[in-house]
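Work through the two exercises below. Try each task before reading its solution.

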Amino acid sequence: MLVNKENPFTREINNNDLVLFSKSLYEKSRQIYIEKRCALYLRRMLNDVNEYSLKHGYNEVVLDEGFRTREYQMEIMGYYKEAEGAQKAEARVAPADASEHRTGLGVDFSLIINAPRSLRENADDHLYHYLGNDRWYKVDPEEDDPEMKWLRDNSYKYGFILRYPKGKEEVLGYMMEPWHFRFVGSPEVAKEIFDKGLTLEEYVNSKVKKLERKF
Ligand SMILES: [Zn+2]
């Protein structure tokens with residue numbers, strides 16, 4: 001299933017297809033639901049990336065976003081427009097039905113960073129949220145963060161792909177998002193996409209072309 005600006009997701013997902021995965025660590029009342037087909041894979045992937053992080057002294061990775069209702073997607077757009085201006089917000093956040101978060105198959109990761117409160121308390125940065133006890137919740141991790149690099153290199157084993165990679169901004173119409181991954185149904189499909197270095201758009205198009213040649 002391809003969801004983007006040209007292919008909006010206009011229906012409402014069946015609630016029976018969603019499972020509660022976790023709670024947001026900084027917005028305590030926010031519960032994070034995902035499509036149930038990817039829950040087990042996601043659980044395993046998070047376990048494994050955190051085992052790697054712990055071993056190397058890196059940061060803990062947590063699920064930040066999964067399924068979004070249309071209203072919530074619009075709320076997020078409003079938030080970023082205010083924080084960063086309309087142009088930047090539109091390159092970052094999808095319009096309501098063009099977000100694959102609407103399907104429950106797209107996920108965002110955040111990091112839990114250990115640092116004294118004083119280190120950032122004066123920084124005017126909406127991407128850091130203080131959790132207490134010298135712990136910070138960092139939204140939108142960077143491309144160079146080793147945890148994101150691990151996910152980039154290994155997520156296909158769990159059926160996920162990096163959805164908005166660097167260098168594909170023209171094809172995608174979005175800036176790169178090192179934190180956003182997409183479940184594509186199986187590790188086999190994800191591996192093919194990963195090995196060929198495709199975006200989901202390019203992969204789906206290649207399959208359509210193949211079918212067109214057949215008929
Ligand atoms: Zn996302």
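**Exercise 1.** In which hand, left-handed or right-handed, does H1 pass H4?

*Solution.* The model is predicted; local features need pLDDT of at least 70 and side-chain atom pairs count only at pLDDT 80 or more, while totals for chains, interfaces and linings use all residues. Residues are numbered from 1 along each chain as its sequence is written.

Step 1. The crossing of H1 and H4 is right-handed (the near helix is turned clockwise from the far one by less than a right angle).

Step 2. Find the partners. H1 spans residues 39-56 and H4 residues 146-154. They pack at about 140°, with axes 10 Å apart.

Step 3. List the contact (C-beta atoms, placed from the backbone, within 7 Å). H1 gives Val 49, Tyr 52, Ser 53 and His 56. H4 gives Pro 146, Glu 147, Trp 150 and Leu 151.

Step 4. Sort by class: 5 residues are nonpolar, 2 polar and 1 charged.

**Exercise 2.** Find which residues of H6 are buried, and where they lie around the axis.

*Solution.* Step 1. In H6 (residues 187-196), Ala 190, Ile 193 and Phe 194 are buried (20 or more other C-beta atoms within 10 Å of their own).

Step 1. Look down the axis of H6. The buried residues fall within an arc of 100°, so they line one face.

Step 2. Turn to the face away from the buried side. Glu 188, Asp 195 and Lys 196 are exposed there (12 or fewer such atoms).

Step 3. Name the neighbours. The buried residues of H6 pack against strand E7 (160-164) and helix H7 (200-214).

Step 4. See what follows H6. Gly 197 comes next, with a positive phi near 65°.

Technical notes: Axes fitted to C-alpha atoms, helices over the stretch in contact; angles between N-to-C directions. Helix = DSSP H or I, 4+ residues; strand = E, 2+ residues; numbered from the N terminus. Contact = placed C-beta atoms within 7 Å. Nonpolar A, V, L, I, M, F, W, Y, C, P; charged D, E, K, R; others polar. Arc of directions from axis to C-beta.
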